[in-house]
Amino acid sequence: METVYDLVVVVHFLGLASLIGGWLVQMRTRGERFINPAMLHGALTQLLTGVIIVGLGESVLDREYDLAKISVKLAVTAVVLLLVWVNRRKDVIPDGLYYLIGGLSIVNVAIAVLW
């Protein structure tokens, strides 16, 4: 089961790379920004694999997690996913929304590493 857990962590990191990578790709563009498929799939992957990581760790592998930290990360991920999901079909999103999505994604990484 440890191998499955490790594989899910790898997929979690790939979701992070997809979300932030999809956001960064548009950083140099002038003008119109939008929610690209990499951002959408990365956010969905982050949420799903994060829940699986905690579920496997707590129930099968007897790992203990700081549930306050996990709750904050889950809330931030849910907000990012909601923003991405609601705006996924729009041709253009405002710069403020674009930077909010990227900023919250980076804050989530900071919480994971620094808390």
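Val 60 is located in the loop that joins helix 2 (37-59) to helix 3 (67-87), helices being DSSP runs of H or I with at least four residues, numbered from the N terminus. The model is predicted, so local features need pLDDT of at least 70 and side-chain atom pairs pLDDT 80 or more, while totals for chains, interfaces and linings use all residues. Residues are numbered from 1 along each chain as its sequence is written, and side-chain values use heavy atoms, without hydrogens and water.

The axes of helix 2 and helix 3 come within 9 Å and cross at roughly 155 degrees; axes are lines fitted to C-alpha atoms over the stretch in contact, with angles from 0 to 180 degrees between N-to-C directions. Helix 2 and helix 3 are therefore roughly antiparallel, a term for angles over 145 degrees.

Two salt bridges are counted, each requiring a side-chain nitrogen of Lys or Arg within 4 Å of a carboxyl oxygen of Asp or Glu. In one, the closest N and O atoms of Glu 2 and Arg 63 are 2.3 Å apart. This pair links helix 1 (residues 2-25), which holds Glu 2, to the loop between helix 2 and helix 3, which holds Arg 63, 61 residues apart.

In the other, Asp 95 pairs with Arg 33 at 3.0 Å between the closest N and O atoms. Asp 95 lies in helix 4 (residues 95-114) and Arg 33 in the loop between helix 1 and helix 2, so the pair ties together parts 62 residues apart in sequence. Arg 33 is buried at 6% relative accessibility, whereas Asp 95 is partly exposed at 39% (buried: under 20% relative accessible area; exposed: over 50%; partly exposed: in between; 1.4 Å probe, protein chains only).

Key
Helices (H or I, at least four residues) and strands (E, at least two) are DSSP runs, numbered from the N terminus. Angles under 35 degrees count as roughly parallel, over 145 as roughly antiparallel, 65 to 115 as roughly perpendicular and the rest as oblique.
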